[in-house]
Amino acid sequence: FFRGLLRRAACLRRCAPPAPSRYRLGDELELEFRKRSPYNYLQVAYFKINKVAKAVAAAHTFFVANPEHAEMRQNLEYYQMMAGVKEDDFTDLEARPHLTEFRLGVRFYTEEQPAAAILHLEKALEEYFVADTECRALCEGPYDYEGYNYLEYNADLFQAMTADHYMQVLSCKQGCVTELASQPGREKPLEDFLPSHFNYLQFAYYNNGNYEKAVECAKTFLLFFPNDEVMKQNLAYYTAVLGETLAGPIEPREEIRAYRQRSLMEKQLLFFSYDVFGIPFVDPDTWTPEDVIPKRLREKQKAERETAARISEEIGNLMKEIETLVEEKAKEAADVSKFIREGGPLVYEGASVTMSSRALNGSQRVVVDGVLSDEECRELQRLSNAAASAGDGYRGKTSPHTPSETFHGVTVLKALKLGQEGKVALRSAHLYYNVTEKVRRMMESYFRLEAPLHFSYSHLVCRTAIDEKQEGRTDNSHEVHVDNCILNAEALLCVKEPPAYTFRDYSAILYLNGDFEGGAFYFTELDAKTET
């Protein structure tokens, strides 16, 4: 062990520059670079010496990381109006190749261009490991005394070398997971960033007809999440199509297996250090198996979570009581004006209100019948049967909301494309588009909205119960949720942040048939249990 350690130290000493490393920054200076502050000064300097293209690039680079910066927003609007400024000048000079390729891959995946998606997602993986190697290399270096004088540092050889310095290096290397998944201007990194590549890739390869690669990527994803039911279903399907003889020998990607193994070994050491020496470690991954954490530490963390949950619940109950008192007073004054404001004309003949906000025990709610004729409903059902694909909009997950049902869907754009290609009746695709527009206009009018509504998404979907999974079923067809915020039922909070559709103001569901059991639509309190 020591021979290897000394050789590594000698190698680092030979490679390192004689002066202090240029990569070692103080916390304040590092923060300024993370905020891209130098580009704020650069854009002014370039503008003053009449290098407008470079000024535009510098301004755009700064704004990407600081989207709330009002002055820079004004500068960019000014540049857009300047003669000679091209769209290509608005370049992010600090764009990270792996994130750029990943975003392009996801975009092509969403646009149902699997070949292009595969190209960019594979390139994203290649660039990811280049960035990961560089990030981990930068963790090697002298011990950071973290604010106290090194002369006061008191530790023996083993404690200094392993418990302190080595654990600091390992923790830094694990932090590369968060570093590489972080996007400028966003508070939170992309969750499960590396595994998500293979989630996209397995379905892209499937859509491209390459079942061998689909199997490989599905098995690679299962290295991280071996109990993911959707992925196991996908793998079973690909295997059935390809045949066990061909699919069986296909192994997960070796570089990912090695990456996972190395990461788990580092986590074991870090969790052991946390348990024995009390050196904190926050695991950046959600896929880490529970048995990697020492039993004593697991029990301690469980107790801490239970204590935090209990305190949160007590605070939540107290806040709920206060809010209830305030709401009761406010509701008395507000309800009258809300009900008066609602109730505008439905615009279209045949449509009628069957339940208003008062009947639904809330505000800005309505149930309308007679929106479509029976024939229009049947035509849209036929379109769904012909054009909808399994797991559409949910990365190919055939049962995204419950394992007891399958989910098929088709967007307006896809339906129109299929209509133009002659694969479905173009009349049906136009009906789909016109119906969404009809609902939009009806809602604008009924709720007397002063500003127009704009679509974020329209989806023609079909949910089908899986016969063999209905006996003794107790789960919901779709869990209680809020479209434009993340519901935390335990804390009685709904937080407006992605991946929720924070920009949504209204949601509308148009039922095309009623010949089914279950599927009751209901509202609840923030606890997701108490029906209102």
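## A polar contact at E179

A polar contact here is a pair of N or O atoms within 3.5 Å, where one must be able to donate a hydrogen and the other to accept it. In this predicted model, the side chain of E179 makes one with the side chain of R34, at 3.1 Å.

E179 itself sits in helix α9. Is E179 buried or exposed, or partly exposed? Its relative accessibility is 25%, so E179 counts as partly exposed: the buried label needs a value under 20%, and the exposed label one over 50%. Setting aside neighbours within four places in sequence, E179 is in contact with R34, R96 and C135. As for R13, it is 166 residues from E179 in sequence and 26 Å from it in space, going C-alpha to C-alpha.

## The nonpolar cores

Now for the inside. The largest nonpolar core has 51 residues, and F102, F198, L201, V215 and F224 have the most contacts within it. Elements giving two or more residues to this core include α6 (97-110), α10 (193-207), α11 (211-224) and α14 (254-277). Another core, of 27 residues, lies apart from it, with L346, L418, Y432 and V435 among its members.

Take F224 as an example: beyond its neighbours within four places in sequence, F224 touches L194, P195, I256, Y259 and W287.

## Where α6 meets α10

How do these two helices meet? The axes of α6 and α10 come within 11 Å and cross at roughly 35°, and the crossing is left-handed. On the α6 side, H98, L99, F102, V106 and Y109 make the contact, while α10 brings F193, S196, H197, Y200, F203 and A204. Sorted by class, that makes eight nonpolar residues, three polar ones and no charged ones.

How values were computed:
Residues numbered from 1 in each chain as written. Predicted model: local features only at pLDDT ≥ 70, side-chain atom pairs only at ≥ 80, totals over all residues. Heavy atoms only, no water. Core = buried A, V, L, I, M, F, W, Y, C linked by side-chain atoms within 4.5 Å. Buried < 20%, exposed > 50% of the residue type's maximum accessible area, 1.4 Å probe, protein only. Helix = DSSP H or I, 4+ residues; strand = E, 2+ residues; numbered from the N terminus. Contact = heavy atoms within 4.5 Å. Axes fitted to C-alpha atoms, helices over the stretch in contact; angles between N-to-C directions. Left-handed = near helix turned anticlockwise from the far one by under 90°. Nonpolar A, V, L, I, M, F, W, Y, C, P; charged D, E, K, R; others polar.
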